[in-house]
Amino acid sequence: NHAVDVESIIENVLNGFGNITGQPTLEGHVGYNPDIDPYPYDPDEAERLVEESGHAGVEITLQTPIGRYLRDVEIAQAAASQIDSLSNVSCEVQQREFSSLVQDITTGNIEDKPHFNLLGWGNGEFDGSQTMTPLMASNGALTILKKDELDALLNDAETTQDSEERVEILQEANQLAHDLAPWVFMHQQFSVYGVSSDISWEPRADEFIDPDTATQQ
């Protein structure tokens with residue numbers, strides 16, 4: 001996380017069309033934790049942590065889909081280049097067809113899944129558990145993590161009848177996910193629309209496009 005300059009990627013690759021993130025749950029979703037800041041770009045700290053981990057000299061490959069997300073290949077190349085610039089890590093990019101990559105991510109044991117990949121995740125329910133459970137619970141379909149403490153929090157969030165308590169539990173789960181850093185927290189991708197000046201239309205937060213809501217000026 002310290003090795004990737006997400007703000008630079010948003011500005012230079014996405015032309016500003018994105019928000020930096022520091023937790024699995026996005027702002028406005030149930031369970032978002034406003035007290036969590038994104039990881040600062042700090043390559044020196046990244047190198048120190050690599051040395052501390054005992055993995056100095058590691059060679060890793062970032063697998064990215066082609067054309068699935070806004071400028072996904074360019075984002076992957078930028079992130080991999082920044083990681084590769086560390087003195088004790090080598091990182092390269094492998095471009096994959098999205099369907100093939102997803103098949104590898106969703107099948108087999110966690111040990112057999114791709115170790116490092118670029119993946120986006122939509123959440124039409126605007127609920128933190130709908131992102132964390134499939135991606136970070138031990139039994140999640142796309143999980144990259146096995147952590148009993150996080151599993152317990154997600155289970156508590158699903159079983160409590162108190163809505164306020166549920167928010168607090170999910171906020172705690174987001175803090176734990178941030179601290180564990182099982183992935184590089186990147187950005188929330190903005191949807192970019194082109195419309196005629198003769199049409200009045202407001203995009204929905206869930207990205208569903210309903211033509212019936214568009215009217216002529």
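Biologist: Starting from the rule that helices (H or I, at least four residues) and strands (E, at least two) are DSSP runs numbered from the N terminus, where is the place of F126?

Modeller: This is a predicted model, by the way. F126 is in the loop between α4, residues 98–106, and α5, residues 129–136.

Biologist: OK, next one. What is phi near in N15?

Modeller: Near 55°, again a positive value in a residue other than glycine. You'll find N15 in the loop between α1 and β1.

Biologist: Back to the α4 to α5 loop. What does D127 pair with in a salt bridge?

Modeller: D127 meets R166 there, side chain to side chain, at 2.7 Å from N to O. That pair links distant parts of the chain, with D127 in the loop between α4 and α5 and R166 in helix α7, 39 residues apart.

Biologist: Are D127 and R166 buried or exposed?

Modeller: Both are buried. R166 has 16% relative accessibility, and buried means under 20%, so R166 falls in that class.

Biologist: Which other residue forms a salt bridge with R166?

Modeller: E158 does, and the closest N and O atoms in that pair are 3.0 Å apart. E158 is partly exposed because its relative accessibility is 46%.

Biologist: How many salt bridges does a search of the whole structure find?

Modeller: Six. The general idea is that side chains of opposite charge can pair when their charged atoms come close.

Biologist: Tell me about another. What does E52 form a salt bridge with?

Modeller: With R48, where the closest N and O atoms are 3.0 Å apart. E52 and R48 both lie in helix α2, four residues apart, and that is about one turn of the helix. R48 is partly exposed, at 40% relative accessibility. E52 has a relative accessible area of 59%, so it is exposed.

Biologist: Change of topic: which residues form the negative surface patch?

Modeller: E149, D156, D162, E164, E165, E168 and E172.

Biologist: Which helix gives the largest share of the negative patch?

Modeller: α7, with four residues. Helices α6, at 148–159, and α7, at 163–180, each supply at least two residues of that patch. E149 is in helix α6, and its 45% relative accessibility puts it in the partly exposed class.

Biologist: What about a nonpolar patch on the surface, which residues form it?

Modeller: F17, F190 and V192, with about 250 Å² of accessible area together. V192 is in the loop between β4, 187–189, and β5, 199–200. V192 counts as exposed because its relative accessibility is 52%.

Biologist: Now the inside. How many residues has the largest nonpolar core?

Modeller: It has 21, and V4, I9, I75, I83 and M186 are those with the most contacts inside it. At least two residues come from each of α1 (6–12), α2 (43–53), α3 (72–84) and β3 (89–96). The largest share of this core is from α3, at six residues.

Biologist: I'm looking at the loop between β2 and α3 now. Which residue lies there?

Modeller: I66 is one of them, with β2 spanning 58–65. I66 has a relative accessible area of 40%, so it is partly exposed.

Biologist: How many Å separate the C-alpha atoms of I66 and Q94?

Modeller: 9.9 Å, and I66 and Q94 are 28 residues apart along the chain.

Biologist: How about P40 and G67, how far apart are they in space?

Modeller: They are 28 Å apart, C-alpha to C-alpha, and 27 residues apart in sequence. P40 is in the loop between β1, residues 18–20, and α2.

Biologist: Last one: what is the relative accessible area of P40?

Modeller: 49%, so P40 is partly exposed.

Key: Residues are numbered from 1 along each chain as its sequence is written. This is a predicted model: local features need pLDDT of at least 70, side-chain atom pairs count only at pLDDT 80 or more; totals for chains, interfaces and linings use all residues. Side-chain values use heavy atoms; hydrogens and water are left out. Patches are made of residues with over 30% relative accessible area and no salt bridge: like charges are joined within 9 Å, nonpolar side chains (Val, Leu, Ile, Met, Phe, Trp, Tyr) within 5 Å. Accessible areas come from the Shrake-Rupley method with a 1.4 Å probe; for residues, only the protein chains shown count as cover. A salt bridge is a side-chain nitrogen of Lys or Arg within 4 Å of a carboxyl oxygen of Asp or Glu. Lys and Arg count as positive and Asp and Glu as negative; His and the chain ends are not counted. The place of a charge is taken as NZ of Lys, CZ of Arg, CG of Asp or CD of Glu. Buried means under 20% relative accessible area, exposed over 50%, partly exposed in between (1.4 Å probe, protein chains only). A nonpolar core is a set of buried Ala, Val, Leu, Ile, Met, Phe, Trp, Tyr and Cys residues joined through side-chain atoms within 4.5 Å.
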